[in-house]
Amino acid sequence: MSVPIPIMPPPALLCGRFELSLDQPLVMGVVNLTPDSFSDGGRFAEPQAAIDGALQLISEGADLIDLGAESTRPGSRPVGIDEELRRLLPVIEGLKGCGVPLSVDTRKPEVMRRVLAAGADMINDIGGFSDPQALAAVADSDCGLCVMHMRGEPATMQLQPRYDDVVGEVEAFLRARIAALRMAGVDARRITIDPGIGFGKMLGHNLQLLEALDELAGLGVPLLVGVSRKSLIGALTGRPPQQRLAGSLAAALAAVARGARIVRVHDVAATHDALRVWQAIDEGRA
Ligand code: HH2
C-alpha cells in the first residue's frame, strides 16, 4: 500500500502540546547541553545555565527550542543513554512551562521515549527515524518530528562523502522517510524534513542543496534548515564559529527565500530581526 504525499505543506505543525502556525517562518533556537559542541560547547553544560540560556532565546523571539545533549559535529564521539538523559531531564523539567515547544535532538529510541514522557514536544532525529526502534518510539505519540538526512555517521561522515546527484539522493531519502512515517500512522502535520547541511556533505554538496531547497520544499511537509555557524560559512568567509553571524544570517534568509519554514539557529535575536525585515519587504507591507 502506498500513502500519498500531500502537495501543499500543511498550514500548521502539530508539536506535542502546541500547534505552530507556519504562516511566518519560525526560528528554532539551539541550546547544546554538551561540553563539546562546535560553536556553543560548554556554555550550557550546567542545567541552570541551559534553562537560562533557553529562556533568553525565547525572549529574543525563538518559536521553538532544540535541546541537544550529544554533539554531532564531524569527528564527535557518541555519549551513553544515561549521560544523555542526565543532561536533558532537569532542563526539560525546568523549561516545561516556558510557552514554546521543546524539541530534543537525539537518535536514541530510549532517550526519545523518556524525554517525551518528561514533557518534550518534538524529536529531532539526525538519523531521520531510519532505526525502526526510533520510528516505534515516536509513532504513537503526538510529538512533532524532524526527519534529517545524514550520509554516514558523525565520527566519519566528512571523510569523502560521495554522491552522483546530491539533491536527488537527499530528496529520495526524505520522500522514503515521509512514506515510512505515514505508513506507521504518523499524521503528516507532525512531520518536518531537513537536508542535513554539513552531515556527510562537502562544501559543494551543501551549496547545491541550499540552492535547490525549493525542490525539497515541495515534498508536502515543512522544511527545516540548519546552517547557523556551520563550516560552510567558515569555508566561504574564512571565519571561526564565533564570527559567523553575518554569513549565517545570509544563509538563513536564502533558505527561507527558497521555501524553508523553520531555521535552526544559535543567534536568535539577529535571525529574528533579519527575517522580520526580509519578510516585510517580500510582502510589501509591515
Ligand atoms: N545541526 C546540528 C545538530 N543537529 N539537527 C537538525 N535537524 N538540523 C541541523 O542542521 C542540525 C541538527 C549541528 O549543529 P550544533 O547542534 O550547533 O552542533 P553540535 O552537533 O556540535 O552540538
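The largest share of the lining of the second largest pocket, 5 residues, comes from helix H9 (helices are DSSP runs of H or I with at least four residues, numbered from the N terminus). A pocket is an open set of points on a 1 Å grid over the protein atoms alone, where a 1.4 Å probe fits, with protein on both sides within 12 Å along at least five of seven lines; lining residues have an atom within 4 Å of a point. The model is predicted, with local features requiring pLDDT of at least 70 and side-chain atom pairs pLDDT 80 or more, whereas totals for chains, interfaces and linings use all residues. Residues are numbered from 1 along each chain as its sequence is written, and side-chain values use heavy atoms, without hydrogens and water.

The second largest pocket is lined by 13 residues, and Leu 207, Leu 210, Leu 232, Ala 251 and Ala 254 lie nearest its centre. Helix H6 (203-211), helix H8 (231-237) and helix H9 (245-257) each give two or more residues to this lining.

The ligand sits in the largest pocket, with more than half of its atoms within 2 Å of the pocket's grid points. Of the 17 residues around the ligand, Ser 37, Thr 72, Asp 194, Lys 230 and His 266 come nearest; a residue counts as near if one of its heavy atoms lies within 4 Å.

Polar contacts are pairs of N or O atoms within 3.5 Å. A polar side-chain atom of Lys 230 lies 2.6 Å from a ligand oxygen atom.

How values were computed. A polar contact is a pair of N or O atoms within 3.5 Å; within protein, one must be able to donate a hydrogen and the other to accept it, and residues adjacent in sequence count only if both atoms are side-chain atoms.
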